[in-house]
Amino acid sequence: MQVREIMTPDVEVVHPDATLKEAAEKMSRLDIGPLPVCDGERLVGMLTDRDITVRVTAQGCDPNTTKVREAMTSEVVYCFDDQNVQTAAQMMEMRQIRRVPVLNRDKRLVGIVSLGDLSVETQDQHLAGKTLEGISEPGKPNR
């Protein structure tokens, strides 16, 4: 089974020059935690509600003027829509992430795949359970 068969298409995105207030309002309206950051059709980062809290609010920055690009994670883990679902699951497990943006081979954002998609859409409870176990493992400090 390929990732395109289980992903959520038509993903909402935010521009890197949007303010964090605008991004947070979009997250609230859509009831989501992560937002892909796109400059045109190009994926340039990911922004999560945690990024806003830890990287911006905790440091006293103003969400009305602070731009998404200042809080986003620019090194994005992604998969391709024609990759095998098991490959996406291994990526989630190894990187301990629950959602992965999906690109086509032209590197345009075409969807997002989540741990829930792995569980519900594949109906492979072993795959979903193994992935969740890897994601949930406590992180090890770099030494």
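Predicted model: local features only at pLDDT ≥ 70, side-chain atom pairs only at ≥ 80, totals over all residues.
## A pair of facing residues

Arg99 stands opposite Ser114 in β6. Residues are numbered from 1 along each chain as its sequence is written, and side-chain values use heavy atoms, with hydrogens and water left out.

Ser114 belongs to strand β6, which covers residues 109-114. Helices (H or I, at least four residues) and strands (E, at least two) are DSSP runs, numbered from the N terminus. Is Ser114 buried or exposed? Ser114 counts as buried because its relative accessibility is 16%; buried means under 20% relative accessible area, exposed over 50%, and partly exposed in between (1.4 Å probe, protein chains only). Leaving out residues up to four places away in sequence, Ser114 touches Met92, Arg98 and Arg99, where contact means heavy atoms within 4.5 Å.

## The chain as a whole

Let's step back for a moment. The chain has five helices and six strands, and along the sequence they follow the pattern β-α-β-β-α-β-α-β-β-α-α. Of the 143 residues in the chain, 41% are buried. Among contacts between residues at least 6 apart in sequence, 57% join residues at least 24 apart.

## The four-stranded sheet

Four strands form an open sheet in the order β1-β6-β5-β4, with mixed pairing. The strands β1 (8-9) and β4 stand at the edges with a single partner strand each, so one side of each is left without a neighbour in the sheet. Two strands pair if DSSP finds at least two bridges between them. As a general point, strands of a sheet pair through backbone hydrogen bonds, either parallel or antiparallel.

β1 and β6 run antiparallel and are joined by two bridges, with Thr8 having Ile112 in β6 as its bridge partner. β5 and β6 also run antiparallel, joined by five bridges. In their hairpin, five residues lie between the strands, and Lys107 takes a positive phi near 65°. By contrast, β4 pairs with β5 (residues 99-103) in the parallel sense over two bridges, and Phe80 stands opposite Leu103 in β5. As for cover, β6 is mostly covered, with five of its six residues buried.

## Helix α3 across the sheet

Which strands does α3 lie across? They are β4, β5 and β6, and α3 runs at about 135° to β5; axes are lines fitted to C-alpha atoms, for helices over the stretch in contact, and angles run from 0 to 180 degrees between N-to-C directions. The buried residues of α3 (residues 85-95) are Val85, Ala88, Ala89, Met91 and Met92. These cover an arc of only 160° around the axis, which puts them on the same side of α3; the arc is that of the directions from the helix axis to the C-beta atoms.

Both ends of α3 have something to show. At the start, a side-chain oxygen of Asn84 reaches to within 2.7 Å of the backbone nitrogen of Gln86. After the helix comes Gln96, whose phi is positive, near 55°.

In α2, the buried residues are Asp51, Ile52 and Val56. Seen down the axis of α2, these fall within an arc of 100°, so they line one face of the helix. Their cover includes α1 (20-30) and β3 (42-48).

Thr66 sits in the loop between α2 (49-56) and β4 (79-80), and Thr66 counts as buried because its relative accessibility is 7%. Which residues does Thr66 contact, leaving aside neighbours within four places in sequence? They are Ala18, Thr19, Leu20, Val56 and Cys61. Ala18 is 48 residues away along the chain, yet the C-alpha atoms of Thr66 and Ala18 are separated by 8.4 Å. A polar atom of the Thr66 side chain also lies 2.7 Å from the backbone oxygen of Asp62. Such a polar contact is a pair of N or O atoms within 3.5 Å; within protein, one must be able to donate a hydrogen and the other to accept it, and residues adjacent in sequence count only if both atoms are side-chain atoms.

## Cysteines

Cys38 is buried, with a relative accessible area of 6%, and Cys79 is buried with a relative accessible area of 0%. How many disulfides are there? The count is zero, taking a disulfide as a pair of cysteine sulfur atoms within 2.5 Å.
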